[in-house]
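Please keep the sequence and the model in view while reading.

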Amino acid sequence: MTTPNRPSPTHAPSALNLVCLAHAGGSVALYRDWQRRLPPFVQVRTLELPGHGMRRSAPPHTEWPALIAELADELLALVAGGAPFALFGHSMGALVGLELMHALRQRGARAPVWFGASATVSPARRKHETHWLTCSRTEMIDCLRERGGTPAELLDDADFIDFMLPLLRADFHLCGAHPARLAGRVVAEACASAALDCPIDVFVGRDDPATSNAEDVGAWAQQTRGACAVHEFDGGHFFIDTAREAVLAVVANALAQHVRHTPSADHDETVDRRMRVSSSREPLRNHHSQY
């Protein structure tokens, strides 16, 4: 795994960079074993949000423009060098990834060749919520209990909740405020020009209540003029762990479509082999929000 937000030496020839973004309250440790599980033509890189993981000392953002301006600079530094790149975001990470693609287009920068949107409905279908910055401690705990994914012993740990509360409030606020910004952008731009060209693969868990409405999930297709496909996996909001091999098989196959013109490696054979692998390891645990 690369050091968050910093380019690292490439240990093997790479034809494509995959930049990954994590969920609300979480960190890019979510992707810590992706590099060794994906084919060698993929270089996994991570983009950690301020206030998260190894950037815990930085204050979290509560406004989209400031967050995206900072992350866009970091993303361009990560993918400097000319190799094609793709984005993958889980839950809140998918919302961040979408905003980054629009920011890159506004800057006239090159676009990703693929976008993976995981565990969230289309931004245009999200609920507009503005109360999270001032919500009570009890309300946040109740919300986390209802959504699942956080062990009960952590929710009962006052020190843990106090430690996480500022970050969770900021992240939940961003998720809740995103639809208003999207609506404003659509009004300001013609709908056709607002749509991206990047193909999108959408990843959802069959038992995740956050993505149970198929129409809300399918509305991701409105975000691009390119192809859009929805993939379902066994599991809840963190199917990305419990169905990890199946998820990575889809990711690897999608990325292979964008490197087949290169003379290196037998990509198709590598992808097929990875698709047949089944993991005996315990799934990674994520103990924060469902956004």
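The questions and answers that follow go through local features of this model.

User: What kind of model is this, and which pLDDT do local features need?
Analyst: Residues are numbered from 1 along each chain as its sequence is written, and side-chain values use heavy atoms, with hydrogens and water left out. This is a predicted model in which totals for chains, interfaces and linings use all residues, side-chain atom pairs count only at pLDDT 80 or more, and local features need pLDDT of at least 70.

User: Where is His237, and which residue does its side chain contact?
Analyst: Helices (H or I, at least four residues) and strands (E, at least two) are DSSP runs numbered from the N terminus, and His237 is placed in the loop between strand 6 (228-233) and helix 9 (239-242). His237 has a relative accessible area of 4% and is therefore buried, a term for values under 20%, with exposed over 50% and partly exposed in between (1.4 Å probe, protein chains only). A polar contact is a pair of N or O atoms within 3.5 Å; within protein, one must be able to donate a hydrogen and the other to accept it, and residues adjacent in sequence count only if both atoms are side-chain atoms. Such a contact, of 3.0 Å, joins the side chain of His237 to that of Ser91.

User: What is the phi of Ser91?
Analyst: Ser91 belongs to the loop between strand 3 (85-90) and helix 3. Its relative accessibility is 3%, so Ser91 counts as buried. Although Ser91 is a residue other than glycine, its phi is positive, near 60 degrees.

User: How is the pair of Tyr31 and Trp34 classed?
Analyst: Rings of Phe, Tyr and Trp (its six-membered ring) pair if their centres lie within 6.5 Å; planes under 30 degrees apart count as stacked, over 60 as edge-to-face and the rest as tilted. By this rule there are nine aromatic pairs. In one of them, the ring centres of Tyr31 and Trp34 are 4.8 Å apart and the planes stand at 85 degrees, so this pair is edge-to-face.

User: How many residues apart are Phe115 and Trp220, which form another aromatic pair?
Analyst: The pair of Phe115 and Trp220 is edge-to-face, at 6.0 Å centre to centre and 65 degrees between the planes. Phe115 lies in strand 4 (residues 115-118) and Trp220 in the loop between helix 8 (214-218) and strand 6, so the pair links distant parts of the chain, 105 residues apart.

User: How many residues of helix 3 are buried?
Analyst: Helix 3 (residues 92-107) has 16 residues and reaches 23 Å from its first C-alpha to its last. That is close to the expected 22 Å, where the expected span is 1.5 Å times one less than the number of residues. Helix 3 is largely enclosed by the rest of the structure, because its buried residues number 13 of the 16.

User: How many residues of helix 10 are buried?
Analyst: Helix 10 (residues 244-256) has 13 residues that should span 18 Å at 1.5 Å a residue, which agrees with the 18 Å between its end C-alpha atoms. Among its buried residues are Arg244, Glu245 and Val247. Helix 10 is largely enclosed by the rest of the structure, since the buried count is 11 of the 13.

User: Where does Ala119 lie, and what is its phi?
Analyst: Ala119 is found in the loop between strand 4 and helix 4 (137-147). With a relative accessible area of 2%, Ala119 is buried. Ala119 is not a glycine, yet its phi is positive, at about 65 degrees.
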